[in-house]
Each structure stands twice: as C-alpha cells, then as structure tokens.
Amino acid sequence: MATFQTREGRTRAIVRRKGHPTRSKTFPTKTAAKAWADRIEREMADLEARGGTPGEDITIGGLIDWRTEVLGGIKAVSKTQAGNMTRLRESLGDIPARRLTANHVIEHAQRRIQGNHMRADGVIIPACTAATMNVELGYLSELLKLAGPMKGLALATDPVADARPALRLLKLVGKSKRRDRRPTTEELRRLKERFQANAWRSEIPMADIVDFAVLTAKRESEITRLLWSDVDPGTRTALLRDAKHPRKKMGNHKRFALLGEAWNIVQRQPRKEGEDRIFPYNPSSVGTAFTRACAALRIEDLHFHDLRHEATSRLFEAGYDIPEVASVTLHESWNELKRYTHLRPETLHRDAVDKPGS
C-alpha cells in the first residue's frame, strides 16, 4: 500500500507490501509520486504472480542506482567510491545481480588491470593497480551484502568472495604500496618561489597552504574546511570537523594545535564577508595547482599528500613523542601513524650528547 508525505512542496511516495523491502522516492509533484507508486505496486504484484522473489531481476546497475538513492543520506559516497562504482556499472551493470558469478568478477578485474576496460562512450580507461582493484571489489561486495536484507536479493554465495582466491593467484588484487616520498628542502623552496611569483594571478594562496600542510599534516580537503569559528585564540588550536576515520567520520570532530608559524599563517588569511572558512577554496583546485607546479618545475613523483608524510616526520625529528605527534596529525594508532613516519638518519645526531650513554 502506498502512502504519501508532502513537505516543502515535494511529495515522498512510500510503498510497503508484505514480503518486499519498503520502497520510497521523492517527487516535485504528487501526481508524479502517485504514478511511480502505482508502477512499483504493479511490479510487486507481478513478481508474486510469477512466484518470484523480491530483488531477483535487479541488475548490478540497478543496485548502484538504489545505493545512491536510498543510502546516500546514511553513508556518503566519496569521489573515489563514485569512480569505482562507475567502472563497475560500465562492466557489470547489465548483469542481473543474482546471476553474477565469480567468473564475471575475475573478467572485470582482468579488463581493469590490463587496461582493456571501455567507458560507456567508447574511451579506454588506463590500467589500474591491484590495490585499486581490491578496493573496487570491496565496494561491490558491500553493495551485495546491503542488498540482501534491504532489497530482498537472495544469493547462494558471495561471488566476490568466491573470486578472491583466483584473483590473488593471478595478482589482480593486492595491498597498496607504502609511500616514503618526502619533498627535499630544495623542492619546497622552488615550489614556494613559484607560488609567490604567481600569487598576483592566483586566487588560492598556494605558498601559505603548502607551508600550512607541512606544519599541520592536514590534507587538502581538511585544510579547505577549517572554520574561523572553530579557532581558539586562547589555546592556539583549531577544530577539524569530520576527521577521517575508517568507521565514524561523520561527527568525528578533533582539536589540534596550530604550532609555530601555522598560527601566523591562519591569522594573515583575509576574512571574507559571509564566509566562515579560513581557506575557502575547492580542494581539487588546490591539488591541481600543486600537481601543475611540480610538473612545471620537473619535480617528479611528489603528491600533495606527501606533505602529510613530511609534516609527521618533521614532528618526530623535532623531538615530539608519539602521543604529541598524534595530537597534531590526528591518527588513531601507532600502526596508522608509522605509515607517515620516514625519519632521515642524519636527524638522529640531534642532541646526541644529551642522550644516556653518550
């Protein structure tokens, strides 16, 4: 039976039928909502008449649409996940979910790894890494698990799990390689000089942002969402809202110290009327500006995220201990923190005369 809820001029249709998962969708008019609800009720009745089970005809593409529509407000879709889902839709989207096999999964992985995957418009996508493939298939497995209880999709086994032994043997999935790239002092100097020379024609204060990243170990997306209202002048700290976390990003707010020059960088940023962000810029634009500068200066294999490695390593080299460094980088554990720690051997000579036994 369909029910309708009207709010702010829009109508939400909700269809409930015993033995079927609840379906809902919002429309600009009640007429459109009623037409959709009538169609969904007919589909449910037809399925019962054929002796079928809910979810048996839905395709992988249909599941991806459903995931975005129904769960978008519960579990946000990241840019990376959206890209992975697009590749899955292009390759497996027309296959009914209940007929998806381990072989389908393996063939998809082979096309992606070998650089033979074709986009919907006929463009060939460059080969991805085994680590990327591992993440992509994780999203597919998660999608199928959600569709079981919520969409009535009955699967005898998980085709992704069934495919994994073969995927590992064929080296089509793997763990990401640990990066240990740190910018040299000379590279940072050249980047800063370039950004300062081009400051007159760039809205983004890249020189300050790069320095801030090296001092605070923050990502582009984190830097560009820091708020003036979350800065505490008394303690010289700032609050990072929704800090990255493997399980609970939303609401995971953490305060960190603005050490040394980081405080001065914040204070010299212009305040724009009606804008609470300290660095009110698109994080993608920040990353693009950094990448282009590295290319222009022929600085190879340096990413903006490597500045986070640099910042973490510098804090240890300055003499801070693990809890102190973690309070700035906001890592949850030493296992996570050590991935960003790449100490230069020569820094161990610091204060050697003061160490026990020296």
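This is a predicted model: local features need pLDDT of at least 70, side-chain atom pairs count only at pLDDT 80 or more; totals for chains, interfaces and linings use all residues.
Colleague: Let's start inside: which residues touch the most other members of the largest nonpolar core?

Modeller: This core is a set of 37 residues. Helix 7 (185–197), helix 8 (206–216), strand 5 (237–240), helix 10 (261–267) and helix 11 (283–296) each give two or more residues to it. The residues touching the most other members are L191, F212, F290 and F304.

Colleague: And which helix gives the largest share of this core?

Modeller: Several elements give two or more residues, among them helix 7, helix 8 and helix 11. The largest share is seven residues, and it comes from helix 8.

Colleague: How many residues are in the second, separate core?

Modeller: That one includes L63, A109, C128 and L167. The size of this second core is 28 residues.

Colleague: Okay, on to charges: how far apart are the closest N and O atoms in the salt bridge of R89 with D65?

Modeller: Side chains of opposite charge can pair when their charged atoms come close. Here R89 lies in helix 3 (residues 79–92) and D65 in helix 2 (residues 60–71), so the pair ties together parts that are 24 residues apart in sequence. R89 is partly exposed at 33% relative accessibility, and D65 is partly exposed at 40%. Their closest N and O atoms are apart by 2.7 Å.

Colleague: What about K34 and D38, what separates them along helix 1?

Modeller: Their side chains meet in a salt bridge, 3.3 Å from N to O. K34 counts as partly exposed at 44% relative accessibility, and D38 does too at 28%. The two are four residues apart in helix 1 (residues 30–49), so what separates them is about one helical turn.

Colleague: Which residues are linked in a network of salt bridges?

Modeller: The structure holds 18 salt bridges. The ones linked in a network are R182, E310, R314 and E317.

Colleague: How far apart in space are V173 and V135, C-alpha to C-alpha?

Modeller: In sequence, these two are 38 residues apart. In space, the C-alpha to C-alpha distance is 8.6 Å.

Colleague: Let's do rings: are those of F27 and W36 stacked, edge-to-face or tilted, and why?

Modeller: The structure holds three aromatic pairs. In this one the ring centres are 5.8 Å apart and the planes are at 45°. Stacked needs under 30 degrees and edge-to-face over 60, so the F27 and W36 pair is tilted.

Colleague: How far apart in sequence are the parts tied together by F212 and F279?

Modeller: Both residues are buried, and their ring centres lie 5.4 Å apart. F212 lies in helix 8 and F279 in the loop between helix 10 and helix 11, so the parts tied together are apart in sequence by 67 residues.

Colleague: Last one: over which ring does the charged end of R271 sit?

Modeller: A charge sits over a ring in more than one place; for instance, the charged end of K218 sits over F256, 4.1 Å from the ring centre. For R271 the distance to the centre is 4.0 Å, and the ring belongs to W228.

How values were computed: Residues are numbered from 1 along each chain as its sequence is written. Side-chain values use heavy atoms; hydrogens and water are left out. A nonpolar core is a set of buried Ala, Val, Leu, Ile, Met, Phe, Trp, Tyr and Cys residues joined through side-chain atoms within 4.5 Å. Buried means under 20% relative accessible area, exposed over 50%, partly exposed in between (1.4 Å probe, protein chains only). A salt bridge is a side-chain nitrogen of Lys or Arg within 4 Å of a carboxyl oxygen of Asp or Glu. Rings of Phe, Tyr and Trp (its six-membered ring) pair if their centres lie within 6.5 Å; planes under 30 degrees apart count as stacked, over 60 as edge-to-face and the rest as tilted. A charge sits over a ring if NZ of Lys or CZ of Arg is within 6 Å of the ring centre and within 35 degrees of the ring normal.
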